[in-house]
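Here is my note on the model, point by point. Please keep the structure open while you read.

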Amino acid sequence: MSRLIVVSNRVAPTQEGRPAAGGLAIGVLDALKESGGVWFGWSGETIVEPQKPVIDVKGKVTYATIGLNKRDYDQYYRGFSNATLWPAFHYRTDLSRYDRQEYSGYLRVNAQFARELAAMLKPDDVIWVHDYHLIPFAEALRELGVKNSIGFFLHIPFPAPEVFRTVPPHDALAKALMSYDVIGFQTDADVQSFQDYITREALGTATPTQSSDGRPAAKLSAYGRTARVAAYPIGIYPDAIAEAAELYAERKAATSLRDSMRGRKLIMSVDRLDYSKGLAERFLAFERLLQTSPAFQGQVSLLQIAPPTRSDVQTYQRIRQNLEMETGRINGRFSQLDWSPIRYLNRKYERNLLMGLFRISEVGFVTPLRDGMNLVAKEYVASQDPANPGVLVLSQFAGAADQMPGALVVNPFDTAQMAEALERALVMPLNERQARYRDMMGPLRKNDLSVWRDTFLSDLRASKAAGAAPGAARPTVEPILG
Ligand code: GDG
């Protein structure tokens, strides 16, 4: 089998089993180990002197990581990726800013990464690029003469064309995406949005076709290029999570939380501290529950774990201040001498422990305003005790909503509806909770993380057989994006 080259902004920790290694890292690593290959990306470090990629070989997998200088970090990562694309793709056009210099930096880093990777490629390598930081990566490789199959998976939503058009270089970004052979999205709605842009704005064409496993896909043509697009909803390994949850629910950290609840019920949320996750709206819904159904006062707490991310981006500092204020206000309003309604923990926890905490909580409250998929929703369900499962309250704007038929689905902009769903979840009879849990575990097992990875990779490998001519991966021209 040809080698797999994975390219992502951050490369997962090279030591397996470390708490930081999330599901995605594990899923991608399995594939790399099977076929052998390279994982290439930013090291997470900012550097002063330019450097070549640092190579770390572990068995069949080579990790190649490269530092970014301060200007590249500011323009490519903090700027265009996280202050333009991330908010716009999550429908927060009010928070999305555009700066030409940052966009140039974004193109420059993509071109630099492409040059470094091109030097490492073999002609039949299959390249899988991840996420919004790297949209122009294939185009930059093609400009260097690379002819290998290149696929792209977008982990975040692809917005409706009207919203995408608010990003000034939308046309260049869509054209760059069309340099990939296969473009994968989380949901059918994301595929449709991209297809709508290509057919309506770029005046391209879309022909229905099928994925290698018979699922619907489309062949898009525009800008003189052709690409296949389809939805590949990312999954988890539910049985491994269930096992970890069972074990960690009995560890000291989880049992002391349970003891501290003294028979009260627990609603639990875990999110990176991000405005797309709807934390403030969620706190308001919980406040409303306490206000409209006072019997719950003193009887239920909301545990919100929110590790900070991108804390040097200004909008992230503002959301943190706002949440601290809301927590203080709500706790000040309702706390009793021996009970406070919200426990807000602004730090990271070991992943397995989170699964244990999910297991001992009665409600999983997952209400992003927009989310590509949302793995926490899936992890919450997989962590439950089948004999006494908790209830998932889930936003209709998470990609996961399509796949979680047993969830209480809510609109995160409707505070009253969220409060009602919380109440319903807190009093739901055991037989209904069990039925809802079973309705979700079946699909979670059937579409686990290996299905996501294998269907994407088999479509990518098939795309080569279907047309793209294999060629030498030798740089033939200088990149124009210097
Ligand atoms: C992007 C898209 C899409 C959370 N806190 C801690 C911790 N986590 C883990 C969770 C979960 C992961 O991080 C978060 O994944 P999500 O899917 O919920 O959200 P994003 O980080 O925004 O991910 C999203 C995803 O990519 C995959 O395609 O689903 O839509 O936005 O696994 O458990 N892990 C540890 N400590 C924490 O405190 N170790």
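1. Start with a term. An axis here is a line fitted to C-alpha atoms, for helices over the stretch in contact, and angles run from 0 to 180 degrees between N-to-C directions. Keep in mind that this is a predicted model.

2. Now use that term. Helix α10 (residues 279-292) and helix α14 pack with their axes 8 Å apart, at an angle of about 65°. The crossing of α10 and α14 is right-handed. On the α10 side, the contact is made by Glu281, Arg282, Leu284, Ala285, Phe286, Arg288 and Leu289. On the α14 side, the residues include Thr415, Ala416, Met418 and Leu422.

3. What is the angle between the axes of α2 and α3? The axes of α2 (residues 70-89) and α3 (residues 100-118) cross at roughly 115° and come within 8 Å. Angles of 65 to 115 degrees count as roughly perpendicular, and α2 and α3 are therefore roughly perpendicular to each other. The crossing of α2 and α3 is left-handed. Among the contact residues are Tyr76, Gly79 and Phe80 of α2, and Tyr103, Tyr106 and Phe113 of α3.

4. Next, the sheet. Strands of a sheet pair through backbone hydrogen bonds, either parallel or antiparallel. Which kind of pairing is found in the open sheet of six strands? The pairing is parallel, and the strand order is β13-β12-β11-β14-β15-β16. Strands β13 (342-345) and β16 (408-410) stand at the edges. Each has a single partner strand, so one side of each is left without a neighbour in the sheet. Neighbouring strands of this sheet are turned by 20° against each other on average, direction ignored.

5. Strand β12 (residues 300-305) runs parallel to β13, and four bridges join the two. Leucine 303 has arginine 343 in β13 as its bridge partner. Helix α14 (residues 415-427) packs on this sheet. Helix α14 touches β11 (265-270), β12, β14 (363-366), β15 (391-395) and β16. The direction of α14 makes about 170° with that of β16.

6. Strand β3 (residues 54-58) and strand β4 (residues 61-69) run antiparallel, joined by five bridges. Lysine 58 has valine 61 in β4 as its bridge partner. Two residues lie between β3 and β4 in this hairpin. Glycine 59, in the turn, has a positive phi of about 60°.

7. Check valine 182, in strand β7 (residues 182-185). Is valine 182 buried or exposed? Buried means under 20% relative accessible area. Valine 182 has 1%, so valine 182 is buried. Valine 182 and phenylalanine 152 are 30 residues apart in sequence, yet 6.3 Å apart in space, C-alpha to C-alpha. Leaving aside neighbours within four places in sequence, the contacts of valine 182 include Phe152, Arg228, Tyr232, Phe456 and Leu460.

8. Finish with glutamate 326, found in helix α11 (residues 314-334). Its relative accessible area is 13%, so glutamate 326 is buried too. Its side chain makes a polar contact with the side chain of arginine 329 (2.8 Å). With neighbours within four places in sequence left aside, glutamate 326 is in contact with Phe283 and Leu284.

Terms used. Residues are numbered from 1 along each chain as its sequence is written. This is a predicted model: local features need pLDDT of at least 70, side-chain atom pairs count only at pLDDT 80 or more; totals for chains, interfaces and linings use all residues. Side-chain values use heavy atoms; hydrogens and water are left out. Two strands pair if DSSP finds at least two bridges between them. Contact means heavy atoms within 4.5 Å. Buried means under 20% relative accessible area, exposed over 50%, partly exposed in between (1.4 Å probe, protein chains only). A polar contact is a pair of N or O atoms within 3.5 Å; within protein, one must be able to donate a hydrogen and the other to accept it, and residues adjacent in sequence count only if both atoms are side-chain atoms. Angles under 35 degrees count as roughly parallel, over 145 as roughly antiparallel, 65 to 115 as roughly perpendicular and the rest as oblique. A crossing is left-handed if the near helix is turned anticlockwise from the far one by less than a right angle, and right-handed if clockwise.
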